[in-house]
Amino acid sequence: MEKTEQPLDTSQILDTDLPALLNIRIYPDPMLNQKCEPVIEITREIRTLIQNMFITMYEKNGVGLSANQVGSKYRIFVMDTSQSGDRRRAFINPIIVEGFGEQKWKEGCLSFPGIFATVKRYESIKVEAMNESGGKVELRLEGLDAICFQHETCHLDGITFYDLLGPVQKNLIKKKIANLKK
Ligand code: ZN
């Protein structure tokens, strides 16, 4: 998801490989409609991927970024919904266990630069995932955290926010969508 300006925090970069800015896939790149595969083991390759996903997300002022948006097939996304850039969280093999209520947000997406549309999602969610250290995480999320988690989990299933729009909204932004391909 997209967001306002924030500084790049490289203080927590792991001592694995050199940090790198990753290339973000822009719609209609076929990777965006690809269902990702579960992570079996958190290898050095996975840790480097996560490190570089954080760098790329902060650099592009995003609040969330999924692995297939940077050309990887793994079920991983990173997220930081804070304004200060100090709530970095990586979710591996994320699952939405239960959803409650309903909310609508005007969402953006780093794979759809400059495009925003209103999407209806759960107001709060119970989730499970693995963290960067391989530990099990169980959380109840609401507000933007819940929106972002749902947006990114959809990415990992090959579904973009654009795929969730009804015909009226799709029609409203279809010119902008067509311009993305150029
Ligand atoms: Zn997105």
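**Rings and charges in a predicted model**

Biologist: How far does K170 lie from the ring centre of Y162?
Modeller: Bear in mind that this is a predicted model. K170 lies over the face of Y162, and the distance to the ring centre is 5.2 Å.

Biologist: And which ring does the charged end of R140 sit over?
Modeller: Look 4.0 Å from the charged end of R140 and you reach a ring centre. That ring belongs to F100.

Biologist: How many aromatic pairs does a search of the whole structure find?
Modeller: Ring centres have to lie within 6.5 Å to count as a pair. Searching the whole structure on that basis gives 8.

Biologist: Take F77 and F91: is that pair stacked, edge-to-face or tilted?
Modeller: Their centres are 5.2 Å apart, with 40° between the planes. Stacked needs under 30 degrees and edge-to-face over 60, so this pair is tilted.

Biologist: How many residues apart in sequence are the parts that this pair ties together?
Modeller: F77 belongs to strand 2 (residues 76-79), while F91 belongs to strand 3 (residues 89-100). The pair therefore ties together parts whose separation in sequence, in residues, is 14.

Biologist: Is F77 buried or exposed?
Modeller: Buried means under 20% relative accessible area. F77 has a value of 0%, so F77 is buried.

Technical notes:
Residues numbered from 1 in each chain as written. Predicted model: local features only at pLDDT ≥ 70, side-chain atom pairs only at ≥ 80, totals over all residues. Heavy atoms only, no water. Phe/Tyr/Trp six-rings, centres within 6.5 Å; stacked < 30°, edge-to-face > 60°. Helix = DSSP H or I, 4+ residues; strand = E, 2+ residues; numbered from the N terminus. Buried < 20%, exposed > 50% of the residue type's maximum accessible area, 1.4 Å probe, protein only. Lys NZ or Arg CZ within 6 Å of the ring centre and 35° of its normal.
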